[in-house]
Amino acid sequence: MIIISAMSKDRVIGSGEGMPWNVPGEYQQFLHLVEGQTVIMGRRSYEIFGSDLTSAHNLVISRSSADREGVEICRSVEEAVQ
């Protein structure tokens with residue numbers, strides 16, 4: 001299992017409609033790393049990145065989202081890992 005996470009120097013992980021920084025090379029590297037893999041992410045992250053994902057299997061952790069095409073909804077991290 002590989003865990004990828006990021007935050008700004010002031011510990012912010014999201015801002016409004018996306019990340020609080022813009023580093024295109026970093027984003028391309030992320031997309032390359034997840035290509036063909038199973039990815040677990042939160043609902044909000046999926047809403048931001050979902051259309052760009054090249055992953056083979058997307059698990060979205062959400063207690064409130066309805067099913068989405070091409071996504072498996074999990075109610076907890078434990079359920080997603082299982």
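Predicted model: local features only at pLDDT ≥ 70, side-chain atom pairs only at ≥ 80, totals over all residues.
A residue counts as partly exposed when its relative accessible area falls between the buried range, under 20%, and the exposed range, over 50%.

**The nonpolar core**

- Twelve residues make up the largest nonpolar core, among them Tyr27, Phe30, Leu31, Val34, Tyr46 and Val71.
- Two or more core residues come from each of helix H1 (24–34), strand S1 (38–42), helix H2 (43–49) and strand S3 (71–74).
- Helix H1 is the top contributor, giving four residues to this core.
- Leaving aside residues up to four places away in sequence, Val71 touches Tyr46, Asn58 and Val60.

- In one of them, the side chains of Glu47 and Arg43 meet at 2.8 Å, N to O.
- Glu47 and Arg43 sit four residues apart in helix H2, about one turn of the helix.
- Arg44 also forms a salt bridge with Glu47, with 3.4 Å between the closest N and O atoms.
- Arg44 and Glu47 are separated by about one helical turn, because they lie three residues apart in helix H2.
- Through shared partners, the salt bridges link Arg43, Arg44 and Glu47 into one network.

- Arg43 is partly exposed at 30% relative accessible area.
- Arg44 is partly exposed too, with a value of 33%.

Methods:
Residues numbered from 1 in each chain as written. Heavy atoms only, no water. Core = buried A, V, L, I, M, F, W, Y, C linked by side-chain atoms within 4.5 Å. Buried < 20%, exposed > 50% of the residue type's maximum accessible area, 1.4 Å probe, protein only. Contact = heavy atoms within 4.5 Å. Salt bridge = Lys/Arg side-chain N within 4 Å of Asp/Glu carboxyl O.
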